[in-house]
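Me: I've got a new model open and I'd like to learn how to read its side chains. Can you walk me through it?

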Amino acid sequence: MSRWTAYLNTSKIIIEDYNGRIPLSTWLKDFFRQHKQMGSKDRKIISQAVYSFYRLGHSINSLSLEEKILIGLFLCNRSSNELLASFKPLWNDSISISLPEKAAFLEKESVYWIADAVFPWQGELSSKVDKDLFGLSHLQQPDLFLRVRPHQQETVSLKLTGAGIPFTKLIDNCIVLANATKIDELLQVDEEVVIQDYNSQRVGDFFNLQNKQSGQQTITLWDCCAGSGGKSIMAYDLNPEIKLTVSDSRVSILQNLKQRFQHAGVTKYNSYVTDLSVSGSTMPPGKFEYIIADVPCSGSGTWARTPEQLYFFDPGKISYYNDLQEKIISQIIPKLKDLGRLIYVTCSIFSKENEGMVNFIQKNFGLQLEIMEILTGYEMKADTMFVAVFKKV
């Protein structure tokens with residue numbers, strides 16, 4: 001048996017054994033830990049084959065596992081691939097051509113045959129999502145985005161340039177790098193930069209956290225589904241004087257948030273462990289001028305980063321998350337001050353989690369919608385997100 005056949009067989013074994021219950025990256029680490037005879041090159045070739053398979057979603061399921069892996073390698077990569085070259089040398093010789101050209105190479109009339117098949121729930125999409133571009137975006141790994149913290153632009157640029165790492169500055173505080181770039185040993189994460197997708201950074205454009213007139217109280221803000229605190233740190237960078245409260249249902253997540261806040265220099269805040277999907281759960285005291293609700297969601301706008309989630313997604317989960325979002329929103333809106341603002345955020349492209357929730361909020365709580373926008377990332381190798389800002393009048 002050639003080593004290329006062994007690579008392909010190992011990839012098939014992984015795909016047959018993996019069930020999607022834990023992240024694929026974690027599963028692969030465990031698998032390779034148990035097979036220490038595989039070197040770094042072996043791991044890279046096998047991982048690329050497995051990820052290329054999942055990037056095709058449920059398309060071309062009529063083909064064999066081996067055929068689908070090879071088509072995935074051809075469609076999802078632009079540089080020569082040794083595994084593909086050993087089985088499909090003509091495909092590998094043409095791997096750098098565009099997706100429309102690859103469709104023709106595979107004797108398909110249009111590349112959109114794959115876009116339609118990769119993402120089969122197109123009837124559930126938010127109205128302003130381009131279904132074709134979104135479907136095709138799953139064929140490539142998104143980029144790595146950094147938000148440069150205040151007064152760190154020069155330091156970060158000098159470090160990246162000195163290390164010979166290519167980067168692009170999108171805006172003053174947003175840098176884009178190749179996804180596999182190793183920055184942990186070069187940059188002080190959370191102190192100099194925050195690892196944060198471009199559109200997650202853009203959510204900060206919807207904050208209005210400027211200090212009030214002299215003599216008035218400091219702005220109060222509650223990040224009610226704070227996770228690891230990326231948006232809280234961004235809010236702090238926009239206005240270090242804000243009175244910040246964070247909460248999450250998971251103790252371990254808030255412990256991680258505490259460590260991040262220490263690195264970021266965020267020292268004054270209140271923290272609560274609370275499950276906002278449960279009626280009567282613990283709530284922070286008082287009311288807030290701003291509530292950020294980056295609610296639990298399907299995460300469908302980020303599946304290009306984790307294509308295994310696309311492959312194993314149960315469409316029944318859309319209603320599950322919608323129900324969860326309604327419960328959370330119903331709990332937090334009474335904590336909003338008069339004239340206060342609710343910033344509702346998802347990383348979903350499903351209308352039920354986005355426009356559907358906007359309708360729910362307006363119908364049941366009478367908040368005034370100020371802005372609603374899909375932040376599309378599929379044209380620039382970023383995540384796609386949804387944001388809506390409401391005012392309590």
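Me: How far is the sulfur of cysteine 174 from the closest cysteine sulfur, and which cysteine holds that one?

Reply: Keep in mind that this is a predicted model. For a disulfide, you want two cysteine sulfurs within 2.5 Å. Here the closest partner for cysteine 174 is cysteine 347, and their sulfurs are 17 Å apart, so that is too far for a bond.

Me: Is cysteine 174 buried or exposed?

Reply: Buried means under 20% relative accessible area. Cysteine 174 comes in at 0%, so it counts as buried. Cysteine 76 is buried too, at 14%.

Me: On to the aromatics. How many aromatic pairs are there?

Reply: A search of the whole structure gives 28. Take phenylalanine 119 and tryptophan 121: their ring centres are 5.3 Å apart and their planes meet at 85°, which makes the pair edge-to-face. Phenylalanine 119 is buried, at 1%, and tryptophan 121 is buried as well, at 13%.

Me: What geometry does phenylalanine 119 have with phenylalanine 134?

Reply: That aromatic pair is edge-to-face, with 5.0 Å between centres and 80° between planes. Phenylalanine 119 sits in the loop between α8 and α9, while phenylalanine 134 is in helix α9, so the pair ties together parts 15 residues apart in sequence. Both phenylalanines are buried.

Me: Which rings are linked into a cluster?

Reply: Ring pairs join Tyr18, Trp27, Phe31, Phe32, Phe53, Tyr54, Tyr311 and Phe312. One of these, phenylalanine 53, also has lysine 68 over its face, 4.8 Å from the ring centre.

Me: Which ring does the charged end of lysine 317 sit over?

Reply: The ring of tyrosine 320, at 4.5 Å from its centre.

Me: Now the backbone. What is the phi of histidine 151, and where does this residue lie?

Reply: Its phi is positive, about 70°, even though histidine 151 is not a glycine. You'll find histidine 151 in the loop between β1 and α10. With 77% relative accessibility, histidine 151 counts as exposed.

Me: And what about aspartate 190: what is its phi, and is it buried or exposed?

Reply: Aspartate 190 isn't a glycine either, yet its phi is positive at about 80°. It lies in the loop between β3 and β4. Aspartate 190 is buried, with a relative accessible area of 7%.

How values were computed: Residues numbered from 1 in each chain as written. Heavy atoms only, no water. Buried < 20%, exposed > 50% of the residue type's maximum accessible area, 1.4 Å probe, protein only. Phe/Tyr/Trp six-rings, centres within 6.5 Å; stacked < 30°, edge-to-face > 60°. Helix = DSSP H or I, 4+ residues; strand = E, 2+ residues; numbered from the N terminus. Lys NZ or Arg CZ within 6 Å of the ring centre and 35° of its normal.
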